[in-house]
Every structure is written in structure tokens, then in C-alpha cells.
Amino acid sequence: MAPEMEELVSFKGVVKDYGSKVIGPLTFSVGRGEILGLLGPNGAGKSTSIRLMLGLMRPTSGEVRLRGLDPVRSHQKALEEVGYSPELPNLQTFLTPTELLKLVGRELSIREADIREQIPKLLETIGIFAYSDTKIGKLSKGMVQRLSVAQAMMGSPTLLILDEPMIGIDPAGVVHFRDLFREFLANGGTIIMSSHIMSEVESLCSSVMLIHSGRVVYRGAIKEFIEASLNARSVHLELGKHSKELLGRLRQIPGVQGVTETPKGVDIALEKGRDLRGEISKTVVQSGVDLLSISYSRSEFDDAYVSATRGPVD
Amino acid sequence: MKLAKVWAFAIYEVRRAAARKKVLALVVLTILLDTVPYYLLRTSRLSLLPVSDYPYLWVAGVFILQGFFFPFIALLIAAGSMSEEYEQGTAEVLLSKPVSRDEFLLGKFLGGLLLMAVVILLNSVLSVSAATFAFGPQLSLQVLPTVVLAQVYSSLVFLSVAFLSGELIRRSSLSYVTASAVFLTSYIVGIYLRFIFQLTGDALYQSASNYLPSTPVSALPLLAGQPQLPTAALSLLQAVGVGSDEKSIVFSVVLIAGYAICALVIARTYFNRVDVSKKVT
């Protein structure tokens with residue numbers, strides 16, 4: 001977070017002890033106007049961090065602040081202008097989307113006339129207007145996910161906390177949500193988004209925070225994260241008929257860390273900072289083998305994430 | 001605390017509880033219990049029942065369910081009130097909004113009470129209607145609002161016990177079983193204590209029975225209605241097994257308030273100090 005940014009969320013030495021597992025100490029902050037991608041393997045502590053932010057649980061030790069307030073003690077004030085969409089959108093199946101948003105509007109103390117005005121617009125924006133009066137229990141998973149985001153956006157929040165918002169959404173919906181979140185940011189909003197879809201985080205977020213085994217192992221810009229964490233890259237080849245001899249030759253290229261044959265082709269691990277695609281292509285062609293395709297197996301961001309989450313935290 | 005938010009949660013709770021099949025089944029059963037007996041009595045051409053009792057037959061339907069059936073409905077409504085929110089993960093969304101936990105807790109409890117009041121009112125309306133339809137105009141109906149009010153107030157005991165159980169245990173089935181065990185134990189121990197009192201004449205057993213949570217639930221509506229009911233109606237009640245040894249309205253009112261307040265204070269304290277549980281998977 002840039003030093004001049006107003007802090008919306010801050011964690012100082014926060015620990016949550018579950019007995020069987022300890023999350024923390026976590027120290028970080030999120031500034032106004034940021035879109036932060038919260039990354040980490042399952043069980044690393046992402047959802048715990050979110051629940052602590054929202055005052056749904058108390059920290060065992062340390063200090064959590066949301067909009068400068070303790071979200072447990074000053075719950076009502078701290079949660080004003082905050083929208084939250086949970087990882088599993090467990091919404092009330094016996095209500096319709098309209099009824100659910102009415103309830104949320106009342107929780108937010110919005111005037112009845114404004115609730116009535118806001119609901120159709122929001123349902124339209126989120127793409128489920130046609131299902132306004134269908135019981136939530138009868139909606140598809142993707143529609144429930146959309147509704148979950150809609151209820152988070154009710155009442156014009158300035159901070160959105162989204163736990164896996166794109167899960168279950170069809171590709172068109174993903175594009176729609178991406179535009180929606182960008183518009184929200186352009187209007188001065190802030191987003192904290194937990195996701196396992198790296199491409200989403202990369203395309204949307206201005207910065208990332210990686211939590212691994214209950215600790216913050218990185219907090220900053222995506223570009224710097226890639227530079228700091230990317231240890232090795234992997235190139236994938238699709239080849240015509242070839243012999244073991246070619247694999248031996250590929251292994252001998254300086255900078256190649258390893259060559260693995262898989263049912264789908266050949267994976268080659270490269271040293272950090274080395275782009276050997278030209279060398280590799282030349283070696284294959286000189287061997288008289290057909291080179292059907294050559295590409296990086298994963299994006300740099302994916303590779304950086306894999307490197308950063310491999311092994312225990314220091 | 002904002003009353004508008006409390007009311008929003010109360011209405012939500014009525015919708016939530018009414019959507020449950022178990023509660024709906026019990027409401028349907030209430031309707032059957034209030035109508036079928038009158039129909040059977042009418043079609044069997046009563047010879048044992050004096051015609052002078054006909055105008056008071058409504059009392060049987062109004063009072064007969066209060067001691068055993070109403071507490072069960074209260075348990076069903078309230079045991080799932082908090083626990084199902086945790087089980088289904090819906091508490092998380094509701095409590096991530098700018099609402100206080102007190103608003104949520106109070107709203108949920110009042111919603112349960114509201115639904116219970118509707119069931120009790122339905123019972124009275126159906127009993128009077130069925131009795132009128134089967135046996136002609138009914139008398140002494142001016143006492144009905146007092147009785148209904150007393151029944152609603154009495155339901156506070158097992159509503160709050162089950163509500164507490166749901167909050168502490170956070171599993172709907174287990175909290176229902178636990179709260180039912182409290183009710184059944186109280187009910188059965190009460191029968192034993194009164195039986196021992198009749199055998200020994202020792203007033204200690206009667207007093208002990210009067211302090212059980214199930215006792216004022218049965219006693220208060222009867223004590224509230226008794227002064228305005230004629231002897232014929234009271235004899236009818238005795239004949240259908242509705243009676244109580246407790247004689248003091250004030251004692252019953254205070255005891256009900258005591259049980260309800262204790263349970264709600266414990267539930268509130270626990271709810272305010274413990275994390276909101278994640279969905280049970």
C-alpha cells in the first residue's frame with residue numbers, strides 16, 4: 001500500500017488460534033482505491049482474514065481495524081459502506097432475490113422507497129432480473145453467486161470484500177463481473193478479492209497478498225511478486241515422433257533444469273530469468289523431429305505462485 | 001438498537017420458520033386437532049354430554065393443547081432459529097451487515113414468538129368456529145383474549161429454552177432433542193411429584209412441582225380464564241384433563257418471566273462472545 005493512501009483495513013500482529021491450527025501473526029493494511037487479490041492455498045488463512053475483517057470472529061491476539069474501527073466492538077459503524085460476498089453463497093433458499101435484497105436493504109437502514117428503486121436496477125446490473133421472483137433454492141449455482149455479489153453491492157458500498165466471486169460463473173458472466181468491478185473501482189471503490197483463479201487476479205488486481213500456512217509471505221504489486229517469487233519457468237513442447245536421444249540433447253542445453261516426458265508432450269524446467277525457447281526449438285528441428293508447438297506451460301504469475309507456495313514458510 | 005432492524009429480522013424469522021416442513025406439519029396437525037374431534041362428537045350424536053354443556057365446548061379445544069402440544073410447537077420453532085442459520089451458513093451474510101448482534105438475536109426471538117402467537121390464535125379461532133358449527137352458538141367468549149394472551153405469554157418458557165439450546169449447541173437436531181428432553185423431563189417429573197404429594201400429603205412435593213418449567217405453562221392460561229368461566233365450562237375442562245394445582249397468577253407470571261429471562265440472557269451472552277460459526281459441512 002502506498003504510504004499516502006488512507007487505510008481501510010489494517011491488521012497488526014493478528015493471531016487466530018483454532019486450537020488445532022494457528023493463523024498469524026498477520027500484519028498488513030489495505031488502502032482506499034486498491035483492488036487487492038488475496039491469494040493462498042486452501043486453509044492458508046484467507047477466509048479467516050476476511051472473517052476477522054468483518055468482525056464475524058475475534059482475534060486471539062493483535063489488532064484488527066476496519067475503516068479505523070474495531071469490527072467486533074464497533075460492528076455497526078465499521079461495517080457501514082462494506083459489502084461482503086462469501087465463498088459459499090449460502091443464501092436463504094426460501095426467499096426470492098427481491099425479498100433477500102429487501103432484507104439486506106433494511107439491514108442497511110435504506111429507506112423503503114429507495115430499496116424499491118434500487119432492487120430492480122441491481123438485479124438488472126447483475127444479470128438476474130428475469131429471476132427476481134424465483135425462489136433462491138430454484139436458481140442455478142451461477143445465479144446464486146451473482147445474487148451474492150448483488151447483495152454485497154446493495155446500498156452503494158465503498159469497500160467490497162469478495163471471497164471467490166467468480167466461482168460457478170459462466171465466461172460471459174466473468175467478463176461482465178470484471179467490467180462491473182472495474183467500474184466500481186473507477187467510482188472510488190476498494191475491493192479485497194480472494195481467488196484461486198490466477199488469471200482473474202492478474203487481470204483485475206492492482207496488488208496481491210499471498211498468505212501461506214497462516215503467514216503473509218508477500219504483499220505488493222503483481223510485477224514485483226513475479227520478480228521476487230519466480231524461481232523457474234516451465235516450457236511445454238508438442239513433438240512429432242521422437243527418440244530418447246532428443247530428450248538427452250535438450251537436457252544438455254545450458255539453463256535447462258529438467259526434462260520430463262508426459263502423455264501430452266514434453267515439459268522442460270528452465271532456470272530463473274532464462275528464455276530458452278529459441279535454443280530448444282533449434283535443437284528439436286536440428287534433430288529432424290517435427291515441432292508441433294512450443295509455449296510456456298503456465299503464465300509467469302502462475303509459476304510465481306507455485307514457487308512461492310512450494311514448501312514450508314520460514 | 002434500531003427497532004426497524006429488529007422488526008425486519010422478526011418478519012424474516014417468521015418466513016424462515018414457516019418455510020420449514022416440520023413446523024408446517026405441526027400447524028396442520030393443530031388444525032386437525034381443533035376440528036376433527038368436534039366433527040366426530042357431532043356425528044356420534046352424543047348421549048353422555050348434557051345439552052347445557054354445548055355452549056361451552058369451545059373451551060376443550062382452546063385449552064387442551066396448551067400443556068403438551070404448544071410447548072412442542074415452541075420447541076420446533078425456536079430450536080432451529082439460531083442453529084439453522086449456522087448450519088446453513090446464512091448467519092454469515094446477515095451478520096456481515098451493519099447490524100448489532102442484539103438486533104439480530106432479539107428479532108429472531110420475537111419472530112418465533114410472533115409465529116407462536118399466530119398458531120395459538122389459529123387454535124382458538126378454529127376451536128370456537130368448529131364448536132359453533134357443530135353445537136351452535138358458544139358462550140363466555142369474552143374470556144378468550146385473556147386466555148390467548150396468557151397462552152402466548154406461557155409459550156415464552158419453551159421458546160426461550162429451545163432458543164438458548166439452539167444458540168449453545170448450534171446443531172438443529174441436537175438442540176431440538178436437548179430442549180425436548182428438558183420439557184419431557186419437567187413434564188414427567190411434575191406428574192411424579194404430584195402423585196407423591198397425593199400419596200403422602202407432603203406439600204414439599206407439590207411446591208417442587210410448581211417450580212418446574214412445564215407447570216406455569218399449563219397453569220397460567222387456566223388461572224387467567226377461570227374467574228370468567230361458568231361451572232359448566234370448568235367441569236368440561238376437568239373432564240378433558242385440563243387442570244392445575246397452582247393457584248397464584250402472580251407466581252406463574254413471575255416464574256415464566258424468570259425462566260425466559262434467564263435463558264435469553266445466557267443466549268445473548270454466549271452469542272455476543274463467541275465467533276459466528278462457519279457453515280457445517
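Q: At roughly what angle do the axes of helix α6 of chain B and helix α13 of chain B cross?

A: Two packed helices are described by the angle between their axes and the distance between the axes. In this predicted model, local features need pLDDT of at least 70, side-chain atom pairs count only at pLDDT 80 or more, and totals for chains, interfaces and linings use all residues. Residues are numbered from 1 along each chain as its sequence is written, and chains are lettered from A and ligands numbered from 1 in the order in which they are written. The axes of α6 (residues 101-135) and α13 (residues 249-273) of chain B cross at roughly 140 degrees and come within 10 Å. The pair α6(B) and α13(B) is therefore oblique. Helices (H or I, at least four residues) and strands (E, at least two) are DSSP runs, numbered from the N terminus. Axes are lines fitted to C-alpha atoms, for helices over the stretch in contact, and angles run from 0 to 180 degrees between N-to-C directions. Angles under 35 degrees count as roughly parallel, over 145 as roughly antiparallel, 65 to 115 as roughly perpendicular and the rest as oblique.

Q: Is the crossing of α6(B) and α13(B) left-handed or right-handed, and which residues make the contact?

A: The crossing is right-handed; a crossing is left-handed if the near helix is turned anticlockwise from the far one by less than a right angle, and right-handed if clockwise. Arg101(B), Asp102(B), Leu105(B) and Phe109(B) of α6(B) meet Leu264(B), Ala267(B), Arg268(B), Phe271(B) and Asn272(B) of α13(B), where contact requires C-beta atoms, placed from the backbone, within 7 Å. By class, this contact has 5 nonpolar, 1 polar and 3 charged residues. Ala, Val, Leu, Ile, Met, Phe, Trp, Tyr, Cys and Pro count as nonpolar, Asp, Glu, Lys and Arg as charged, and the others, Gly among them, as polar.

Q: How do α2 and α4 of chain B cross?

A: The axes of α2 (residues 21-43) and α4 (residues 69-87) of chain B come within 10 Å and cross at roughly 160 degrees, so α2(B) is roughly antiparallel to α4(B). Their crossing is left-handed. Lys22(B), Val23(B) and Leu26(B) face Ile73(B), Leu76(B) and Ile77(B) across the contact, which has 5 nonpolar, no polar and 1 charged residues.

Q: What is the strand order of the open sheet in chain A?

A: Strands of a sheet pair through backbone hydrogen bonds, either parallel or antiparallel. Here 4 strands follow the order β11-β12-β10-β13 with antiparallel pairing, two strands being paired if DSSP finds at least two bridges between them. The edge strands are β11 (256-262) and β13 (291-296) of chain A. The twist averages 20 degrees from one strand to the next. Between β11(A) and β12(A) there are 6 bridges, and Thr260(A) has Asp267(A) as its bridge partner.

Q: Which strands does helix α9 of chain A lie across?

A: Helix α9 (residues 244-251) lies across β11 and β12 of chain A, at about 155 degrees to β11(A). Helix α10 (residues 277-286) lies across β10, β12 and β13 of chain A, at about 165 degrees to β13(A).

Q: Into which domains is chain A divided?

A: Chain A has domain 1 (7-228) and domain 2 (232-308), with bounds from an automatic or database domain assignment. Their C-alpha centres lie 39 Å apart. In the contact, 10 residues of domain 1 meet 7 residues of domain 2.

Key:
Contact = placed C-beta atoms within 7 Å.
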